[in-house]
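Reader: I would like to learn how to read a model like this one. Where do we start?

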Amino acid sequence: METEGRTEDLAQLIARLKSEYDVNDSEIARRIGVSASAISTWVNRKRGTGRGPKPDSLRAMAREFPKFTETEIFAAAGRKVPGPLTPDAETRLLELFRGLTAEQQQIKEVEMRALNEHNRSALS
């Protein structure tokens with residue numbers, strides 16, 4: 001949701017979610033498979049030891065609380081929505097990766113980490 005041209009952050013979205021579904025941090029955590037302290041960190045806008053919620057946690061939030069879309073949840077977390085990965089596509093990518101030398105695999109891993117980091121910070 002946008003307010004005065006500004007997209008809400010994850011703390012604001014979680015506050016709306018709690019109101020809309022009448023749930024607390026512990027219930028959200030249980031339903032999306034994270035700790036209550038993780039929710040508290042997101043709500044209190046703390047960085048913690050990680051880099052914010054993982055994509056799987058954000059997807060779980062959209063699945064468990066369907067009044068909120070993946071797009072708006074990822075945007076609130078300051079992230080772009082990752083593209084879909086079908087089981088067939090995952091198999092094909094893994095096959096290609098296995099055909100690379102150890103050095104090439106390391107290079108691809110560095111490249112993918114850089115792209116993921118870019119996606120995490122692109123909306124911040």
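Author: Start with a term: contact means heavy atoms within 4.5 Å. Bear in mind too that this is a predicted model. Now take Ala-62, which lies in helix 4.

Reader: Leaving aside neighbours within four places in sequence, which residues is Ala-62 in contact with?

Author: Phe-68, Thr-69, Glu-70 and Ile-73.

Reader: Is Ala-62 buried or exposed?

Author: Buried means under 20% relative accessible area. Ala-62 has 11% relative accessibility, so Ala-62 counts as buried.

Reader: What is the overall layout, read along the sequence?

Author: The pattern is β-β-α-α-α-α-α-α-α, made of 7 helices and 2 strands. The protein has 124 residues, of which 23% count as buried. Among contacts with a separation of 6 or more, 55% come from residues 24 or more positions apart.

Reader: How do I read one side of a helix? Which residues of helix 2 are buried?

Author: In helix 2 (residues 25–32) the buried ones are Ile-28, Ala-29 and Ile-32. They are on the same side of helix 2 because they cover an arc of only 100° around the axis. They pack against helix 1 (10–21), helix 3 (36–43) and helix 4 (55–64).

Reader: Which residues of helix 3 are buried?

Author: Ala-38, Ile-39 and Trp-42. These also cover an arc of only 100° around the axis, so they sit on the same side of helix 3. Helix 1, helix 2 and helix 4 are among what covers them.

Reader: And the ends of a helix? What caps the N-terminal end of helix 2?

Author: Asn-24 is the cap of helix 2, with a side-chain oxygen 3.1 Å from the backbone nitrogen of Ser-26. After helix 2 comes Gly-33, with a positive phi near 80°. Just after helix 3, Arg-45 has a positive phi of about 55°.

Reader: Where does Glu-8 lie?

Author: Glu-8 is in the loop between strand 2 (6–7) and helix 1. Its relative accessible area is 7%, so Glu-8 is buried. The side chain of Glu-8 makes a polar contact of 2.7 Å with that of Arg-16.

Reader: Which helix gives the most to the lining of the largest pocket?

Author: Helix 7, with 6 residues. Helix 4, helix 6 (87–98) and helix 7 (102–121) each supply at least two residues of the lining. By class, the lining has 12 nonpolar, 3 polar and 6 charged residues.

Methods:
Residues are numbered from 1 along each chain as its sequence is written. This is a predicted model: local features need pLDDT of at least 70, side-chain atom pairs count only at pLDDT 80 or more; totals for chains, interfaces and linings use all residues. Side-chain values use heavy atoms; hydrogens and water are left out. Buried means under 20% relative accessible area, exposed over 50%, partly exposed in between (1.4 Å probe, protein chains only). Helices (H or I, at least four residues) and strands (E, at least two) are DSSP runs, numbered from the N terminus. The arc is that of the directions from the helix axis to the C-beta atoms. A polar contact is a pair of N or O atoms within 3.5 Å; within protein, one must be able to donate a hydrogen and the other to accept it, and residues adjacent in sequence count only if both atoms are side-chain atoms. Ala, Val, Leu, Ile, Met, Phe, Trp, Tyr, Cys and Pro count as nonpolar, Asp, Glu, Lys and Arg as charged, and the others, Gly among them, as polar.
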